[in-house]
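Below are some notes on the ligand site and the pockets of this model. Please read them alongside the coordinates.

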Amino acid sequence: MLQGKRIVLGVCGGIAVYKVADLTSKLQQAGALVDVILTAHAAEFVRPLTFSTVSHRPVYTDLWEPTGQAAARHIELGAAADLLVVAPATANTIARLAHGLADDMLTAVALSTMAPLLLAPAMEHHMYQHPATQANLRLLAERGATIIPPETGHLASGEIGAGRLPETPVLLTHIRRLLGRDGDLAGRRVVVTAGGTQEPIDPVRYIGNRSSGLMGFALAEEARDRGADVTLIVGATNTPPPDGMRVLHTPTALAMRDAVREAVAQADALVMAAAVADYRVSEPATQKIKKGSAAENADGSLTLHLVRNPDILAELAEERALDGLVRVGFAAETTDLERNATKKLKSKRLNLLVANDVSKAGSGFGTITNEVTLYHADGRIEPLALLPKTEVAAAIWDRIVPLLKHKT
Ligand code: C5P
């Protein structure tokens, strides 16, 4: 998503500049070409060298630098930009942008570019709350700018209030979303499930599985970054879910089934990456089961009676009203991969089944890589190399996009 994207990053003179050096570095690492412009006030806080070292590109401060080319630098930067980000955006620069001033490099680029504008205001909270600043932000939003609200917390002034620049991952999410808004999933609603489920035994114990949720999270993020409206339905995982999507937490298979059924009614695609428990305890104990209690058998053993959970995908396969929904299932197997995969593809009426042998090194639960084989409804079998889960996610969406029904 960020690979090869031209991002002009305008940095204003606020103490949060130090955080933006980290943002620049992360964007560069993700393959973006970041042209940093420092306002005169920003250059008082930090030297251009800090930014050019992490962006690996020149940093601009001077509107009047001769380029020796037909187009002045501000025109050239503005024309090439896929996105203009201003972070931290100070009250002064917000005012200059709102009123169309072009008295430095950053504001001149902002006027000359057709790229979307993303602003991350960060300042002392009275300055942020001031009616002038708020009116300027409203004006910019009306003209199409996206504003990332500042966070509330300790400010450099020593006070507590709204004015902190959000951390890099939050800024990155906004950047990815804006860049993806015209992506191949723009306007599509997709539902992704992730993680394992936890089936209660008693109020403190459960039956779970080793699913980390990482594959599902990678799929949800990739869809978001291609412009989709994502509903992520998460079972049990220790990893926080990604930003920029609707997240529903459903610890048990039954709760996940209800959430999926509701979400798919409006969706174009469902990707079931969750490891849903096949069985649950028929009647979980209402109190913690104690050793030696009446719950035990005479010989000290404990019997749990398990019943089958509904198969969410198999149930949806029966619903004719959902025929237009593109469905993708996962199969984690330890034996007979091909036979099991082909069987599931048919019985669950899937468009695509992503199968992996979880007993292989580097594949399956908890790893950041995965080696999968794609089983297509038309019989094609497509093995993929061992790849980072992010790349597996991209490959899966590449296969889903052509299957989506034409928008009416
Ligand atoms: O049959 P198996 O559990 O191996 O199928 C795996 C696929 O079916 C996964 O996509 C999983 O999310 C989905 N599944 C389901 N409901 C269940 C169990 C699995 O939708 N109860």
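1. Helix H12 (312-317) and strand S17 (326-333) each give at least two residues to the shell around the ligand. Helices (H or I, at least four residues) and strands (E, at least two) are DSSP runs, numbered from the N terminus. This is a predicted model, in which local features need pLDDT of at least 70 and side-chain atom pairs count only at pLDDT 80 or more, while totals for chains, interfaces and linings use all residues. Residues are numbered from 1 along each chain as its sequence is written, and side-chain values use heavy atoms, with hydrogens and water left out.

2. The shell around the ligand consists of Met272, Ala274, Val276, Asp278, Pro310, Asp311, Ile312, Leu313, Gly329, Phe330, Lys344 and Lys348 (a residue is near a molecule if one of its heavy atoms lies within 4 Å of it). By class, this shell has 7 nonpolar, 1 polar and 4 charged residues. Ala, Val, Leu, Ile, Met, Phe, Trp, Tyr, Cys and Pro count as nonpolar, Asp, Glu, Lys and Arg as charged, and the others, Gly among them, as polar.

3. A polar backbone atom of Ile312 lies 2.9 Å from a ligand nitrogen atom. Lys344 places a polar side-chain atom 2.4 Å from an oxygen atom of the ligand. The ligand taken alone exposes 450 Å², of which the protein buries 88% (Shrake-Rupley method, 1.4 Å probe).

4. Where does the ligand sit? It sits in the largest pocket, meaning that more than half of its atoms lie within 2 Å of the pocket's grid points. A pocket is an open set of points on a 1 Å grid over the protein atoms alone, where a 1.4 Å probe fits, with protein on both sides within 12 Å along at least five of seven lines; lining residues have an atom within 4 Å of a point.

5. The largest pocket has a volume of about 1000 Å³, counted as the space filled by probe spheres set on the points. Its lining has 39 residues, and Ala274, Ala275, Val276, Asp278 and Phe330 are the closest to its centre. S17 supplies the largest share of this lining, 4 residues.

6. The second largest pocket has a volume of about 680 Å³. Among its 26 lining residues, Arg176, Glu221, Arg224, Asp225 and Thr390 lie nearest its centre. H10 contributes the largest share of this lining, 7 residues.

Conventions. A polar contact is a pair of N or O atoms within 3.5 Å; within protein, one must be able to donate a hydrogen and the other to accept it, and residues adjacent in sequence count only if both atoms are side-chain atoms.
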